[in-house]
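The structure I consulted is shown first.

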Amino acid sequence: MKEELKELYRYRELLYMIAYRDIRVRYKQSIMGFMWAILMPVLIVLSGVVVRFGYAMASHAPLKTADIASVAVKSLPWAFLVSSIRFACLSLVNNKDLVTKIYFPKEIFPIAAVLASFFDFVVASGALIIFFLVLRVGWSPYLVWVPPLLLTMMLLAAGIGMIVSAASLYFRDVKFIVEVFLTFGIFFTPVFYDASMFGDKGKWLLLNPISPILDGFGASVARHQSPDLTWFVYSVVCAVLIFVGGYVFFKHLEPGFAESI
Amino acid sequence: MSDIAIRMEHVYKKFRKGETYSSLRDLLPALTGRMFRQEELTVGDKREFWAVRDLSFEVKQGEAFGIIGHNGAGKSTALKMLSRVMKPTKGQMVVNGRLSALIEVSAGFHQDLTGRENIFLNGTILGMTKREIQSKLDQIIAFSGIEEFIDTPVKRYSSGMYARLGFSVAAHVDPEVLIVDEVLSVGDYAFQQRCIERMREVLRSGAAVLFVSHNLKMVAEFCHRCLLLEKGQTVMIGTPQEVIGTYLQKPSNVPAVNDNSVPVIISSVKIRSQAGECMQFRSGEKAWVDIELTARQRCNKLAVTLYILDDKLAEIFDTSTDLLGQGNFDLDEGDAYRCTFEVSLNLADGTYHPSVLIYRRDIQMIYDKWEPAATIYVSSGGGVRGIANCFPQVIRQEIRQATDAALVGGV
């Protein structure tokens, strides 16, 4: 694995180039490009606000700014994860020519898909910051948690991305299955709600390694608290395992890509 | 540091024939079926075949090594293994130095990006660093000869421009080992010459070049040594002249159909010149094609077609006993039939594949086909390019000097 990572490092320029290509192509029609980056998070935030409003009505508790901020700040990483996996899933199949004709470490494709989605995330974050300034969410030193949370999310996205991209090269219907998970995953992940709302049962939700990360975003950015350390460590361990497992899985299948695609 | 650039030792590559399960929808029922009913899981077709068998060769630095062979002989598979896109099933392979493969030069292009952006993209894919590309950008653009359109998205390019840009990028990689597979068939003659020139430069820089082509003339001119591959196996390694000679004497007479349900089959096709059976012809020379058929059942209204393919397997000529006014013929079971076509090979230099098929005229049903039935090599001694030889001559040439014309005008 060490050799393989070294090789990936040698090809880093290609990784950036492929990510740049994906971003460039997506933003070529600039209006549609920015729309793409903003559209999904905005829709998720809006649906979250509607759901939250429903909770508030049902429980006769007022809807707080922090709640809306929490939904908004969790929507972005969720949108990032969804778009990473969606693009990564097709990244090998859509680059058939390159897969069959030229040698380079092919994990570049799913990883570049994650990087390109990360660019969208950055653009959307810009919009979110403006939104938060308007809402007067404020800031706290707990913002230092954002980079490690993001990094964990990227590891997770890259790990899942490598698995689904390789799987969909062999089985063309994997993309439909992935799509179903991406659509309904949001209900099993605390984006619209907080795991704490479930009281003791909330820990079952947190077993989904994405949940503690999103919870961490909500805590550190919207509620000015420290994320739950134990659960965060759990997520990091899961993310590393998924990334390493995904990488090993991908590398194991890679030699057969050219003849199986 | 050894001077061996490429070494292949007893390399084998196996492929599976037929489809494997390409969706979970098909695989899962098969798997559960096996679980519950103990059925044997047939992952794809059990039939396997060896695309490359026991391939061994060495290429030294500064050497140009050619690989020739009929379609399906395993040339491209061998190259794909060398460029590490495919993994050998068995065997050892060593490549010393930075390898660059001109296999499909525009594979990395993205339609929506401009020519310039694609130079960077493709250059990186081929292993150049961004800085390297930056420093060679002007050369690359100049080489491609499409300066004007360099900031246009490549989807608006003609196929020739597309290929030229692709080759220009690939040609500037500065490899230590260069693999070239049939890419030179794109582009016009002048561009091809430029490419050959560039390959010579690469050779002079001490790199090894591995060259695969159907263009025997180019192989003969360019390569120091040559390998003939047939059905995945090495037939011989030697000087291009020897190897091409062997190649031309070995037409791949593989009948297309070989089961007993076919009522009439082609049993032999031979090509001869005035001097007798041969494979090398002068342009314009007469050739005779002797064809023999054997009928296994009674069949009616038959006709024989002779057609010629060029080295890219495009049909360039077609005739038949029927078109030539011989009408149709009927054969009884066990009958043999023989005919001879006489053709004038008014062809330019190159490799051609005479092919034969037998069909039933009224229902246009093809019974048997040999494609190619043979491979011939035509040389014209220069002066013409393209496919046909119209035997051109310059019979008048004159220069009227501008000063004289002005003088005449003045008077």
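I looked up helices α6 (residues 108-135) and α7 of chain A: their axes come within 8 Å and cross at roughly 135°. I noted the crossing as right-handed, the near helix being turned clockwise from the far one by less than a right angle.

I then listed the contact (C-beta atoms, placed from the backbone, within 7 Å). α6(A) contributes residues including Phe109(A), Ile111(A) and Phe118(A), and α7(A) residues including Met154(A), Gly161(A) and Ser165(A). I recorded 10 nonpolar, two polar and no charged residues there; Asp, Glu, Lys and Arg count as charged, Ala, Val, Leu, Ile, Met, Phe, Trp, Tyr, Cys and Pro as nonpolar, and the others as polar.

The model is predicted: local features need pLDDT of at least 70 and side-chain atom pairs 80 or more, while totals for chains, interfaces and linings use all residues. Residues are numbered from 1 along each chain as written, with chains lettered from A and ligands numbered from 1 in written order.

For the interface, I found 20 residues of chain A in contact with 27 of chain B. α2(A) gives the largest share of the chain A side, six residues. That side divides into 10 nonpolar, one polar and nine charged residues.

Technical notes
Axes fitted to C-alpha atoms, helices over the stretch in contact; angles between N-to-C directions. Helix = DSSP H or I, 4+ residues; strand = E, 2+ residues; numbered from the N terminus. Contact = placed C-beta atoms within 7 Å.
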